[in-house]
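Open the model in your viewer and keep the selection panel at hand. We will go from the whole chain to single residues.

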Amino acid sequence: MKKKICAAVCALIILLLAAGCGTLPETFENEKEIGQEDNMETVKLTNEEKELLCSMYSGEERICRGDLLDHEIALLEQLRFGMSYLSEKYPKHRFEMTACIPQGKMETHTTVSVCAEGVDGVYTLRLETLPDGTYLAEDDFYAVTIREEYTAMLRAAAKAAVAGTLGVWAEFPGLYGMECGAAGYDLAAAAKDGSMVFAECAVYVDGRSDAAPDAVSAALKQALADKGFRGNFYVYVLEEVPEDDITDEALRAFVKENVGADAYVREKFSL
C-alpha cells in the first residue's frame with residue numbers, strides 16, 4: 001500500500017514540475033539549435049520582421065526578443081536587402097512580406113510572397129545570396145507597372161497586321177531584376193533593342209468574315225516579330241463574338257467558357 005502511495009506522489013510531483021515550467025520546451029529547443037554550431041545575437045526587429053520569422057522558425061519568445069541564430073540573421077539580412085530593392089525599384093509603392101521559403105540545402109534561392117498597398121494580388125520576390133556575399137533580386141511585380149503600356153503596344157501592332165483584331169491579353173510569367181519595370185524603364189526602347197520582356201499573350205480576332213486562321217496567325221507572327229515582341233502567342237479566331245461586351249476581359253472570359261466548343265479556332269506561335 002505504501003509503495004502505491006509513493007508512486008502516486010512521485011507522479012504528481014512530476015506533473016506539477018512540468019506544469020510550472022512552461023518555458024522549458026522552448027529553452028531546450030533553443031539549446032539544441034545553438035548546439036548545432038550556431039551562435040546567437042541580439043538584433044532589433046520590426047513587428048513585420050518578428051511576425052515573418054516567427055512563422056518560419058521555432059522559439060517565438062526568443063525571436064520576439066530579437067535573439068536570433070546565425071541562419072536567422074542571414075535570412076533577415078537577405079530580406080532587408082529585398083525590401084530595399086523593392087523600395088528602390090518601385091518608389092511609389094509600399095510592400096509587405098507575407099510568407100517566405102528560405103534559401104538552403106534544398107533551395108537555391110529564397111522565395112518571398114509580397115503584397116503592395118493598394119494593389120490586388122500576391123507577387124513573388126526571389127532573393128539569392130552569392131558565394132561572395134552579394135545579393136541578387138528578381139520579382140514579378142514589374143507586370144503591374146508595364147501591363148497597360150505593353151497591352152496598348154500589342155493591340156496597336158496586332159490591329160495594324162489584322163484589321164479584324166478585337167482585343168488582346170497579356171500575362172508576364174517571368175521574374176526580372178532592375179532591368180525591367182523600374183522607374184524610367186522604356187518598354188518601347190526594349191522592343192527595339194531586343195530585350196523586350198517575355199510574355200504569354202492572346203490575340204482575339206473576328207473570324208465571322210471567313211478569315212483563314214493560319215493566314216491570320218502568320219500575319220500576326222511576322223508583325224509582332226518585326227516589333228520586337230517575345231513570348232508565346234495564342235491567336236483565337238472567333239466564329240462567335242460576345243454580343244453585349246467586346247472588351248479584353250469579356251473576350252478572355254468568352255474563350256474560357258467555350259473551351260472544347262466550336263466557337264473559335266486557336267493558333268499558336270512563339271517568338
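The tour below moves from the chain to its helices, its cores and its cysteines.

**Before you click.** This is a predicted model, in which local features need pLDDT of at least 70, side-chain atom pairs count only at pLDDT 80 or more, and totals for chains, interfaces and linings use all residues. Residues are numbered from 1 along each chain as its sequence is written, and side-chain values use heavy atoms, with hydrogens and water left out.

**Whole chain.** Colour by secondary structure. The chain has nine helices and ten strands. These are DSSP runs numbered from the N terminus: helices are H or I with at least four residues, strands are E with at least two. Of the 271 residues, 38% count as buried. Buried means under 20% relative accessible area, exposed over 50%, and partly exposed in between (1.4 Å probe, protein chains only). Now show the surface. Its accessible area is about 15,800 Å², and 54% of that belongs to carbon and sulfur atoms. The areas come from the Shrake-Rupley method with a 1.4 Å probe; for residues, only the protein chains shown count as cover.

**Helix H5.** Select residues 70-89. The end C-alpha atoms are 29 Å apart, which agrees with the 28 Å that 20 residues should span at 1.5 Å a residue. The expected span is 1.5 Å times one less than the number of residues. Buried residues of H5 include Glu72, Gln78 and Lys89, along with Leu75, Leu76 and Leu79.

**Helix H6.** Select residues 142-161. H6 reaches 28 Å from its first C-alpha to its last. Where is the kink in H6 centred? Go to Glu148: the kink there is about 40°. That bend is the angle between axes fitted to the seven residues ending there and the seven starting there. Among the buried residues of H6 are Tyr142, Ile146, Tyr150 and Leu154.

**The cores.** A nonpolar core is a set of buried Ala, Val, Leu, Ile, Met, Phe, Trp, Tyr and Cys residues joined through side-chain atoms within 4.5 Å. The largest has 55 residues, and Leu125, Tyr150, Phe172, Val197 and Leu220 have the most contacts inside it. H6 gives the largest share, seven residues. A second, separate core has eleven residues, including Tyr236 and Phe254.

**Val197.** Centre on Val197. Beyond its neighbours within four places in sequence, its contacts (heavy atoms within 4.5 Å) include Tyr142, Ile146, Tyr150, Phe172 and Arg230.

**Cysteines.** Finish with Cys201, buried at 2% relative accessibility. Then pick Cys115, partly exposed at 24%.
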